[in-house]
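Here's a quick briefing to read with the model open beside you.

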Amino acid sequence: MSVLPARFTGHRLGDAAAPVVVQLYMDYNCPFCKKSFLKFVDEVIPHYDKNLPGKVQFWLMHQIQPWHAQSLHLAEAALAVERLNPAAVWSFSRVLYDKIEQFSDRAVVNKSRSQLNEELADLAAAAPIGVDRAKFLELLALVGSDNNGNSLIGDVKWWVRYSRQLGIHMSPTVQVNGIIEASYGSAWSLEQITDMIAPFIAGTR
């Protein structure tokens, strides 16, 4: 059984049949999420790929935090990349975290939404992502009149509703087989994370 509708499968890494599902709720403008994301992609996921292949699948979930005004724009950029190249979502997420200072509150305070979209388009069009820049900007362009947002607004609303209905507020938040690990923190080591996941692999949780 899929944990998300088929249109969101670009957020998964690992075998879809893996019995343990780890979901990472992340905000692209959060330095703690950056630390957590890099821990997972550089250490945790390679650990399971090498030592327990086919046992764990990892899902990147959007947790858009309203106290970072540009967080929405970064999430929209990731959703645009997903539509154009679903396999690139994790790679593009790394690019966004590598450039996190470029989108800090102080860095963007005098920039327009269009300027942010242009900067994001440059990142999305460059290697290793390489999506079509014009198509990317088309997805981020405003549609209709007044307050209709862009063509990604439906996806944004879905993600916000999804985390709200689960009562997820903090970022990062980690969920294993539907259970939120309330004590998880971005400073956790590889050993702490594997200890968290181990009972689910063993079938004791």
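Is Cys33 buried or exposed? Cys33 is buried, at 0% relative accessibility. Keep in mind that this is a predicted model, so every value here is computed from its atoms. The protein has eight helices and five strands, and 46% of its 205 residues count as buried.

**Cysteines**

- You won't find a disulfide here: the structure holds zero of them.
- Cys30 is in no disulfide, and the nearest cysteine sulfur, that of Cys33, is 3.5 Å away.

**Overall fold and shape**

- Along the principal axes, the C-alpha trace spans about 55 × 35 × 35 Å.
- Among contacts with a separation of 6 or more, 73% are between residues 24 or more positions apart.

**Surface and charge**

- The accessible surface comes to about 10,200 Å², and 53% of that belongs to carbon and sulfur atoms.
- On the charge side, there are 19 positive and 20 negative charges, and their mean positions are 2 Å apart.

**Cis peptide bonds**

- Going from Ala127 to Pro128, the peptide bond is cis, with omega near 5°.
- Look for Pro128 in the loop between helix H5 (113–125) and helix H6 (133–140).
- The peptide bond from Ser171 to Pro172 is cis as well, with omega near 0°.
- Pro172 sits in the loop between helix H7 (153–165) and strand S4 (173–176).

**Positive phi outside glycine**

- Asp146 isn't a glycine, yet its phi is positive, at about 55°.
- You'll find Asp146 in the loop between H6 and H7, where it counts as exposed at 81% relative accessibility.
- Asn177 is another non-glycine residue with a positive phi, this one near 45°.
- Asn177 lies in the loop between S4 and strand S5 (179–180), and at 35% relative accessibility it counts as partly exposed.

**A threonine in helix H8**

- Thr194 belongs to helix H8, which covers residues 190–202.
- What does Thr194 touch, not counting residues up to four places away in sequence? The contacts are His47 and Tyr48.
- Thr194 counts as buried, with a relative accessibility of 15%.

Definitions and conventions. Residues numbered from 1 in each chain as written. Predicted model: local features only at pLDDT ≥ 70, side-chain atom pairs only at ≥ 80, totals over all residues. Heavy atoms only, no water. Disulfide = S-S within 2.5 Å. Buried < 20%, exposed > 50% of the residue type's maximum accessible area, 1.4 Å probe, protein only. Helix = DSSP H or I, 4+ residues; strand = E, 2+ residues; numbered from the N terminus. Contact = heavy atoms within 4.5 Å. Areas by Shrake-Rupley, 256 points an atom, 1.4 Å probe, with all protein chains shown as cover. Lys, Arg positive; Asp, Glu negative; His and termini not counted. Charge placed at Lys NZ, Arg CZ, Asp CG, Glu CD.
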